[in-house]
Amino acid sequence: QYGTYKVSTPRIFIVKDGVLQWYGHPNGAQATLDGLLEGTWDPASVAGEFIVESCMERARDHMNKMRQEIERTGEWENMYALLDAMKAALPERASYFDLQAFATMIGPDDQPEKGYALAREIVEKYKDDIASLRTVARTILNSPWVKVRDIPFAHAVAVRADTLGQGKDARAAEILALSWFSQGDRDKALAEINRAIELESEPKLKARYEASKQKYTTDPPGPVPHINAGKEGEHVDHDQPQTPPADSAPVPAPAAAP
C-alpha cells in the first residue's frame with residue numbers, strides 16, 4: 001500500500017479493529033503499544049508523517065534503479081530533472097533533493113564549480129537546519145566520490161553547524177573533528193571527537209566515534225574520505241545521504257489513499 005511502503009527489515013504492523021495504528025522497526029513500537037493500552041493513541045497523529053516517509057521509500061527505490069542506468073549512460077541531467085520533479089511533489093523534503101543534486105554534482109557528475117555554487121545556496125537557504133549543514137560538510141569531507149574537496153568551505157560549514165547546535169550536538173562535533181583532521185590538525189580533531197563522544201548517548205554511534213578517535217590518534221592527519229562515522233538509515237551523516245550513487249533515491253509515489 002501507498003502509505004506503508006518500506007524496503008527495510010525487520011518491521012512490524014500494529015493493527016486494532018482493522019485499522020493500521022503504526023508500522024516500522026520493532027524497537028520503535030513501544031510508545032504506540034503503551035498508548036493503545038492507555039487509550040491515548042491516535043493513529044491520525046502519525047498518518048501524515050508515515051505517508052511522506054512511504055513516498056520517500058518509494059523514491060529511494062526508484063532512484064537507485066535510475067542511478068544504475070545513469071552510471072552507464074552518463075546522462076546525469078536526467079537525475080537533476082527527476083530531483084526537481086520530486087522536490088515539487090514533496091516540498092516538505094526539499095532540502096533532501098537539493099542535497100542530492102549537490103552531492104551528484106561534486107561526485108559522480110564531476111561538476112565541482114556548479115556543485116559548490118549550489119552548496120553555498122543550500123547553506124543560506126537552510127541556514128537554520130543543522131542536518132543540512134552537517135550534510136554539506138560531511139559530503140565534501142567524507143564522500144568517496146568527490147574529486148575536488150573544498151576543505152576550508154567544509155570547515156566553515158561545520159563550524160556553522162556546531163554553532164547552530166550551541167556546542168551540544170554530538171554529530172556536529174564529530175564532523176568538526178573530521179574537518180580539523182582533514183586540515184592536518186590532530187590536536188583539535190581529538191578535542192572535538194572527545195566532545196562528540198561525551199555528548200553522544202546512542203551506543204553504536206559512540207562506538208563509531210571511538211573508532212574515529214583511534215584513527216585520529218594513530219593516522220597521519222589529512223583528508224580521510226569515507227570514514228564510517230555512523231549512519232541514520234543508509235547514509236553517512238545520520239541526516240541526509242552524502243553520495244547519490246549508493247544510498248540516495250527520492251521520487252514521489254503516486255497520489256493514492258493510504
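A94 is found in helix α4, where helices (H or I, at least four residues) and strands (E, at least two) are DSSP runs numbered from the N terminus. At 13% relative accessibility, A94 counts as buried; buried means under 20% relative accessible area, exposed over 50%, and partly exposed in between (1.4 Å probe, protein chains only).

The model is predicted, so local features need pLDDT of at least 70 and side-chain atom pairs count only at pLDDT 80 or more, while totals for chains, interfaces and linings use all residues. Residues are numbered from 1 along each chain as its sequence is written, and side-chain values use heavy atoms, with hydrogens and water left out.

Now for the overall layout. The protein has 11 helices and 2 strands. Reading from the N terminus, the order of elements is β-β-α-α-α-α-α-α-α-α-α-α-α. Of the 258 residues in the protein, 47% are buried.

Next come the charged pairs. The structure holds 14 salt bridges, a salt bridge being a side-chain nitrogen of Lys or Arg within 4 Å of a carboxyl oxygen of Asp or Glu. One of them joins the side chains of R93 and E53, at 2.1 Å from N to O. R93 lies in the loop between α3 (77-89) and α4 (94-106), and E53 in helix α2 (residues 44-73), so this pair ties together parts that are 40 residues apart in sequence. R93 is partly exposed at 23% relative accessibility, and E53 is partly exposed too, with a relative accessible area of 24%.

Another salt bridge runs between R160 and E124, whose closest N and O atoms are 2.9 Å apart. This pair links distant parts of the chain, with R160 in helix α7 (residues 151-164) and E124 in helix α5 (residues 112-125), 36 residues apart. R160 comes out as partly exposed at 31% relative accessibility, and E124 is partly exposed with a relative accessible area of 44%.

The salt bridge between E174 and R138 has its closest N and O atoms 2.1 Å apart. Distant parts of the chain are linked here as well: E174 belongs to helix α8 (residues 170-182) and R138 to helix α6 (residues 130-142), 36 residues apart. Both ends are hidden away, as E174 is buried at 0% relative accessibility and R138 is buried at 0%. Beyond these pairs, K87, D98 and K125 are joined in a network of salt bridges.

Some of the helices just mentioned also pack against a partner. Two packed helices are described by the angle between their axes and the distance between the axes. For α5 and α6 the angle is about 155° and the axes are 10 Å apart; axes are lines fitted to C-alpha atoms, for helices over the stretch in contact, and angles run from 0 to 180 degrees between N-to-C directions. The two helices α5 and α6 are therefore roughly antiparallel to each other, on a scale where angles under 35 degrees count as roughly parallel, over 145 as roughly antiparallel, 65 to 115 as roughly perpendicular and the rest as oblique. The crossing of α5 past α6 is left-handed, a term used if the near helix is turned anticlockwise from the far one by less than a right angle, with right-handed used if clockwise.

Helix α8 packs with helix α9 (residues 186-199) at an angle of about 165°, the axes being 8 Å apart. That makes α8 roughly antiparallel to α9. The way α8 passes α9 is again a left-handed crossing.

Lastly, the loops and the strand end of the chain. Most residues other than glycine have a negative phi. D17, however, has a positive phi near 55°. D17 sits in the loop between β1 and β2 (19-24) and is exposed, with a relative accessible area of 72%. Q166 likewise has a positive phi, near 55°; Q166 is placed in the loop between α7 and α8 and counts as exposed at 64% relative accessibility.

V15 is found in strand β1 (residues 12-16) and is exposed, with a relative accessible area of 51%. Together with F13 and L20, V15 forms a nonpolar surface patch of about 260 Å² of accessible area. Patches are made of residues with over 30% relative accessible area and no salt bridge, like charges being joined within 9 Å and nonpolar side chains (Val, Leu, Ile, Met, Phe, Trp, Tyr) within 5 Å. Accessible areas come from the Shrake-Rupley method with a 1.4 Å probe, and for residues only the protein chains shown count as cover.
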